[in-house]
There are 2 protein chains.
Amino acid sequence: MAYFDAASSAPLHPVARQALLASLDDGWADPARLYREGRKARLLLDAAREAAAEAVGCRADEVVFTASGTQAVHTGVAGALAGRRRVGSHLIVSSVEHSSVLHSADLHASGGGTVTQVAVDRAGGVDPAAYAAALRRDTALAVLQSANHEVGTVQPVAEVAEVCRAAGVPLLVDAAQSLGWGPVGGGWSLLAASAHKWGGPPGVGLLVVRKGVRFAAQGPAGERESGRAPGFENIPAIVAAVASLRAVRAEAAQEAVRLRELTARIRTRVAATVPDAEVVGDPERRLPGIVTFSCLYVDGETLLHALDEAGFAVSSGSSCTSSTLTPSHVLKAMGVLSEGNVRVSLPPGAAEADVERFLEVLPGAVAGVREKLGAPAPAPAAAAGGAGELVVDSLGKRCPIPVIELARVFGDVPVGGTVRVLSDDEAARLDIPAWCEMRGQEYVGEEPAERGTAYVVRRVS
Amino acid sequence: MAYFDAASSAPLHPVARQALLASLDDGWADPARLYREGRKARLLLDAAREAAAEAVGCRADEVVFTASGTQAVHTGVAGALAGRRRVGSHLIVSSVEHSSVLHSADLHASGGGTVTQVAVDRAGGVDPAAYAAALRRDTALAVLQSANHEVGTVQPVAEVAEVCRAAGVPLLVDAAQSLGWGPVGGGWSLLAASAHKWGGPPGVGLLVVRKGVRFAAQGPAGERESGRAPGFENIPAIVAAVASLRAVRAEAAQEAVRLRELTARIRTRVAATVPDAEVVGDPERRLPGIVTFSCLYVDGETLLHALDEAGFAVSSGSSCTSSTLTPSHVLKAMGVLSEGNVRVSLPPGAAEADVERFLEVLPGAVAGVREKLGAPAPAPAAAAGGAGELVVDSLGKRCPIPVIELARVFGDVPVGGTVRVLSDDEAARLDIPAWCEMRGQEYVGEEPAERGTAYVVRRVS
């Protein structure tokens with residue numbers, strides 16, 4: 001199995017495994033205790049904190065170990081908002097943050113706070129000027145990821161941090177996807193990360209709160225981790241997490257070059273060999289290991305299963321692969337195609353041969369799914385005379401069927417004519433405009449229909 | 001090193017270690033993913049949930065894995081309170097609960113809720129009638145530990161659950177100290193536990209919410225663990241935790257008999273061989289492995305160091321061993337002596353020879369500390385004529401010095417005379433009455449003094 005889903009979770013680094021085993025023997029006792037075993041555990045914890053601080057570029061007493069990256073984000077956002085309650089309750093996030101950030105924002109809003117979601121461009125990047133424009137006198141906190149987890153786009157953290165600093169607003173950086181590659185530059189105030197993304201064990205997150213940042217830990221009080229992360233410290237996992245961070249960092253510069261070349265190869269070859277595929281995310285400002293593309297007329301879940309059969313583990317932001325049956329909020333915010341979506345995220349050490357084999361298998365896998373779904377031929381049929389307006393009833397049908405049915409009839413309307421697609425599938429709202437963009441046709445807009453929504457497309461060529 | 005602090009954290013069970021290693025290979029991927037590695041992780045998680053449910057005696061879909069026992073308590077208390085918000089906001093806890101429960105209660109009170117702390121008897125046990133008396137029409141939740149973590153006293157959970165059930169109030173049981181010994185009987189509604197207490201790895205807690213119990217998870221939403229424990233599942237640690245629970249359970253009946261005999265031996269021998277020691281906790285209704293005693297005129301921290309030097313890891317509820325310099329809230333609630341406090345908590349497999357060696361070393365260790373502190377001889381000096389009231393200025397002096405200074409002068413007052421001890425040490429409030437109890441003298445009470453507090457003792461014999 002070629003595992004290409006490192007952005008979900010990286011396999012345990014061999015160094016982490018060794019460190020975990022060693023510290024299971026030396027670090028299981030309560031570090032708050034006075035006896036030898038407790039002191040040994042305390043020493044391991046202190047050393048891990050020092051090493052984590054060095055890797056982040058902060059002071060050891062600014063580092064809090066949490067039970068997960070999600071907990072680090074939840075704790076960081078809640079504590080920073082509460083710490084600046086007197087200033088106001090306005091929170092700024094980007095529209096492509098991790099769900100842990102967006103769920104924190106939802107909770108804040110449901111408690112009476114206000115939230116501004118900063119939009120992204122079609123490549124998934126934010127504009128520092130948009131953060132500047134969102135800042136208000138009552139802004140308590142701004143949040144921005146260092147890089148996007150679904151499309152790999154690197155965000156202008158240093159610039160946004162500068163904009164926030166100038167306004168006296170702390171910036172929390174979600175560095176989950178990038179910390180293994182290097183420290184986050186710029187004048188941020190808080191940082192969150194997750195060890196299992198860089199080859200550490202699950203069960204360890206990192207929250208950094210810079211000295212001088214107002215912070216009021218929420219939830220019940222606790223004696224552990226400066227009162228910021230209650231519960232018995234998971235020292236063996238913490239030691240393993242930090243050992244792994246140092247190990248991946250030691251190879252990061254070299255490995256980044258190699259993976260960047262491999263993902264560039266995927267970008268080029270997918271565009272060249274898979275008809276009607278859209279490669280998404282910033283082609284330049286991106287993480288080394290992530291590349292994402294969507295395939296018109298393809299069911300994401302079926303494609304994932306076909307790739308799994310062929311020995312490739314990848315993930316998808318298509319609605320059919322989500323428990324809520326909605327497309328990824330990241331693809332939605334970018335306004336790109338979500339059907340037949342595939343995210344390839346290469347772990348450090350991913351073999352070139354596996355990537356080559358993936359590129360050989362992919363076009364056939366996509367074609368297979370399209371054939372099964374009765375998708376139209378890649379190029380639309382030549383213009384022909386016919387009805388000025390056609391209605392396609394795709395009610396009750398799931399992604400990618402509404403887009404396939406649109407494409408099937410599109411050759412039957414004359415230039416200037418329109419097709420109304422009736423659909424109650426959430427993905428259609430994203431994918432029909434994306435189809436128009438890809439086909440150079442005009443997306444007129446959506447209208448409420450008796451059932452579902454009517455998406456109107458005008459033929460312009 | 002003989003490790004006698006299992007109630008803080010048990011060393012990793014060999015079975016847990018094996019399971020952890022195996023599932024680091026098979027359980028590191030995201031169980032929400034569709035590919036093979038994800039499905040393997042999901043299978044491991046499902047199997048662990050089934051096994052945990054069997055050990056608890058509940059349904060698998062009632063089990064939530066959390067990142068710690070503390071998180072299980074915090075989540076359980078907050079969710080149950082919120083779920084019954086319409087009924088009211090009254091919370092009942094015992095005065096000897098774990099700090100995670102008391103901190104949850106403090107937070108509830110600071111948010112406008114009301115909290116009743118049910119008192120315990122001198123053995124640390126609660127009376128079901130006291131819970132019955134505390135129940136109100138607006139009681140949203142009651143909490144009770146299955147057994148006390150500091151003195152080992154087993155609580156009447158089934159009886160309290162019945163009282164709560166009759167009133168329609170859910171009972172949350174903190175089973176952290178007892179789940180390794182067996183399931184918790186009775187009609188409780190929620191249960192919390194912590195894996196590292198039974199030889200599992202750190203990083204795993206257990207929250208059980210019975211079907212039909214109103215529960216509204218607080219904090220940001222999450223997709224994991226039925227929305228009740230956000231963050232990436234720590235599957236290797238969960239698998240190890242459950243494997244360990246099954247392993248300790250398989251040996252529990254036999255091991256309980258053996259440890260109970262060893263702790264009974266400690267109870268008897270400490271009383272016989274250490275002058276002025278008070279063995280605390282219920283002599284019958286108690287956990288197999290825990291025995292706790294306090295030694296008059298002894299500094300807990302110095303005694304712990306002496307025992308550590310001799311190769312024994314134990315813990316203490318004395319004020320000098322706490323970061324807040326206050327005596328354990330459990331000893332305080334019981335009204336027993338806190339100075340020179342030692343908790344011995346034997347892990348399963350503790351060697352009889354180590355216990356015997358401990359009992360040989362202990363009297364000398366206690367005598368050594370007393371000698372260093374200039375403690376008075378065990379029996380008070382014979383009555384003598386003298387001043388009718390003596391004042392002892394112990395201001396600025398820490399436990400156990402105020403009690404030592406009281407004992408030193410006590411022979412100088414006649415029967416009927418009093419000693420006023422001036423002290424600003426929190427432990428004196430507990431230990432001076434406890435000294436009176438042990439010596440058969442009358443504790444008159446406390447009065448505010450110019451600095452600190454005056455504790456008044458009358459000589460009656």
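Contact here means that heavy atoms lie within 4.5 Å of each other, and with that cut-off in hand the tour of this predicted model can begin at the boundary between its chains.

**Stop 1: the two chains together.** Select chain A and chain B in separate colours, and then pick out the residues that touch across the boundary: 53 come from chain B and 53 from chain A. The area buried between chain B and chain A is about 4,400 Å², and carbon and sulfur atoms give 65% of that area. On the chain B side, select B:Trp28, B:Leu34 and B:Tyr35, which lose the most area to chain A and together account for 15% of what that side buries.

**Stop 2: polar links between the chains.** Next, show the side chains of B:Arg39 and A:Asp308, which form a salt bridge whose closest N and O atoms are 2.8 Å apart. Between chain B and chain A the count of salt bridges is six, while the residue pairs in polar contact, both at pLDDT 80 or more, number 20. To see which helices of chain B carry this surface, select H1 (14-26), H2 (36-56), H3 (69-83), H4 (99-110) and H8 (300-309), each of which supplies at least two residues of the side that touches chain A. Coloured by class, that side of chain B has 22 nonpolar, 17 polar and 14 charged residues.

**Stop 3: the domains of chain A.** About 2,000 Å² is buried between domain 1 and domain 2 of chain A, with 60% of it given by carbon and sulfur atoms. In domain 1, select A:Arg122, A:Glu150 and A:Trp181, the residues that lose the most area to domain 2, together 38% of what that side buries.

**Stop 4: an annotated segment.** Finally, select residues 392-416 of chain A, where an unreviewed UniProt entry places the feature "domain: UPF0033". Over these residues the chain is 40% helix and 8% strand, and the end C-alpha atoms are 17 Å apart.

Methods. Residues are numbered from 1 along each chain as its sequence is written. Chains are lettered from A and ligands numbered from 1 in the order in which they are written. This is a predicted model: local features need pLDDT of at least 70, side-chain atom pairs count only at pLDDT 80 or more; totals for chains, interfaces and linings use all residues. Side-chain values use heavy atoms; hydrogens and water are left out. Buried area is the accessible area (1.4 Å probe) that two parts lose on being put together, summed over both. UniProt positions are given in the numbering used here, feature names are shortened, and annotations may be inferred rather than shown by experiment. Helices (H or I, at least four residues) and strands (E, at least two) are DSSP runs, numbered from the N terminus. A salt bridge is a side-chain nitrogen of Lys or Arg within 4 Å of a carboxyl oxygen of Asp or Glu. A polar contact is a pair of N or O atoms within 3.5 Å; within protein, one must be able to donate a hydrogen and the other to accept it, and residues adjacent in sequence count only if both atoms are side-chain atoms. Ala, Val, Leu, Ile, Met, Phe, Trp, Tyr, Cys and Pro count as nonpolar, Asp, Glu, Lys and Arg as charged, and the others, Gly among them, as polar.
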